[in-house]
Amino acid sequence: MIMDKYKLSFGMASLGALCATSCNTTTAALGKDGKSPNIIFIMCDDMGYGDLGCYGQPYIETPCIDSLAAHGMRFTQAYAGSPVSAPSRASLMTGQHTGHTSVRGNKEYWRNADIVMYGNNKDFAVVGQHPYDPEHIIIPELLKDNGYTTGVFGKWAGGYEGSVSTPDKRGVDNFYGYICQFQAHLYYPNFLNRYDPSLGDTEVVRVTLEDNIDYPMYGEDYRLRPQYSAQMIHEKALEWIDSQDGSQPFAAFLTYTLPHAELYQPDDEILNYYKEKFPEDKDWGGQEFSRYNATTHVHAQFAGMITRLDSYVGEIMEKLREKGLDDNTIVVFTSDNGPHEEGGADPTFFGRDGKLRGLKRQCYEGGIRIPFIVYWKGHVAEGVENEHQLAFYDVMPTFAEIVGVKNLQKQYGSKTTAEPDCFDGISFLPTLLGNDKKQKEHDFLYWEFHETDQIGVRVGDWKMVVVKGVPRLYNLADDIRELNDIAAEHPEVVKQMVEIIHREHRPNEYFKVTLPENI
């Protein structure tokens, strides 16, 4: 196992002590003593289905997350909202699949990009992504409306600076991290964003990283930058959780950028451990006009980033235990989409896709099936592996049911858009509580992604991937790698799934895909 310093105090033994009580699968969906449970939703960036030890990863050590799974519920058929970051987060936040939600791709907004990304002065242009629809409620607003205080620490990607959908306008009480996910491609950036009313903030502001801007953003001297964003964001999250006084429940969304490229981090014990473990490593020299700096020891870098993230999870759990909050807090761990090959990353080396076909930006299983772990002491049974099919848009109705909202559509469905607003998710709270007989199942799961012009539909074990309008059909029961296209053999299934696509797709001027022809 990795050095004792990073095992922390949240290994198997201490976590077992935290989970000593048996799970009650019949009680109401409330926390301890009738109080609404706290919520910590940890979402990392570009971690594949097979990147954790508890999902079969043989090379990377993740003792804290593995312990979370050992004493919680580990889902084996959980799906991201999209095969890339911004729309996946939009699906999570809105409770809508990407045929309905307004954000379906990584559409960027900025001016003077050379200044923003490559310059070192303090006068930056506007940056960020396409905003969420302000007429459609998102999870922080839902929770805040039901008595929670909310914090987001990490990537936002739900609206560019000054837009209608920045954290301060969307139910978030405290924010620290990256408004712009493109800016988040560097771990030693020029600035981060903050919204903290206790410091006098009335809107999202920029925090210039003074010690970083003394050095260029690209090139050899970039390595001299001392302010590492992942650690800074994590420390702010810990401080915020520590500041909670118990007067109201809290919800923290920890949207860590690890292990997204760039492959670069502090040269400390974690990284050096993996340098020794992978002595025959390789370097990545960068590419012309690349957004990423060149790096060395790419296998050690990637493995170190995941183990570093694991240590952050351990520290979060230790903070809950320290404050006596571990027995009334739901903790979810997941990833926003499948693994990437950017910045020198090497998915083949780690077998990171869990033997699934496809990577980030693809609607094949490897691009959208993700790790998903839920820990909730006294409610979620320990060490359970569950095959329930869920997608990110199921999280919102699950949280709604937990906080007592009985009819999400009736209470929050807007009628102000051209088509009736909707929520596509199904609460999986019955599954969490062990009431499988009461669990409603999806008739289908749905994804679309314009960059690669792909659409995905899953119905039971049938999986359709449409590439540039051409449908391909697979049976996941005996072809989990999606290698054998059997569309010609099952025209009736193809017809059914094409009908789903034409029914579920709502045109979007910014994110267009090619629909298959009706049969």
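Helices (H or I, at least four residues) and strands (E, at least two) are DSSP runs, numbered from the N terminus. By that numbering, Asn 484 lies in the loop between strand 18 (470-475) and helix 14 (491-504). This is a predicted model, in which local features need pLDDT of at least 70, side-chain atom pairs count only at pLDDT 80 or more, and totals for chains, interfaces and linings use all residues. Residues are numbered from 1 along each chain as its sequence is written, and side-chain values use heavy atoms, with hydrogens and water left out.

- Apart from neighbours within four places in sequence, Asn 484 is in contact (heavy atoms within 4.5 Å) with Leu 473, Tyr 474 and Asp 479.
- Between the C-alpha atoms of Asn 484 and Tyr 474, which are 10 residues apart along the chain, the separation is 6.3 Å.

**Helices 7 and 8**
- Helix 7 (residues 269-277) packs with helix 8 (residues 298-322) at an angle of about 135 degrees, their axes being 8 Å apart (axes are lines fitted to C-alpha atoms, for helices over the stretch in contact, and angles run from 0 to 180 degrees between N-to-C directions).
- The contact involves Ile 270, Leu 271, Tyr 274 and Lys 275 of helix 7, and Ala 300, Gln 301, Ala 303, Gly 304, Thr 307 and Arg 308 of helix 8.

**Cysteines**
- The whole structure contains 0 disulfides (pairs of cysteine sulfur atoms within 2.5 Å).
- Cys 54 is buried at 19% relative accessible area, and Cys 363 is buried at 0%.

Conventions: Buried means under 20% relative accessible area, exposed over 50%, partly exposed in between (1.4 Å probe, protein chains only).
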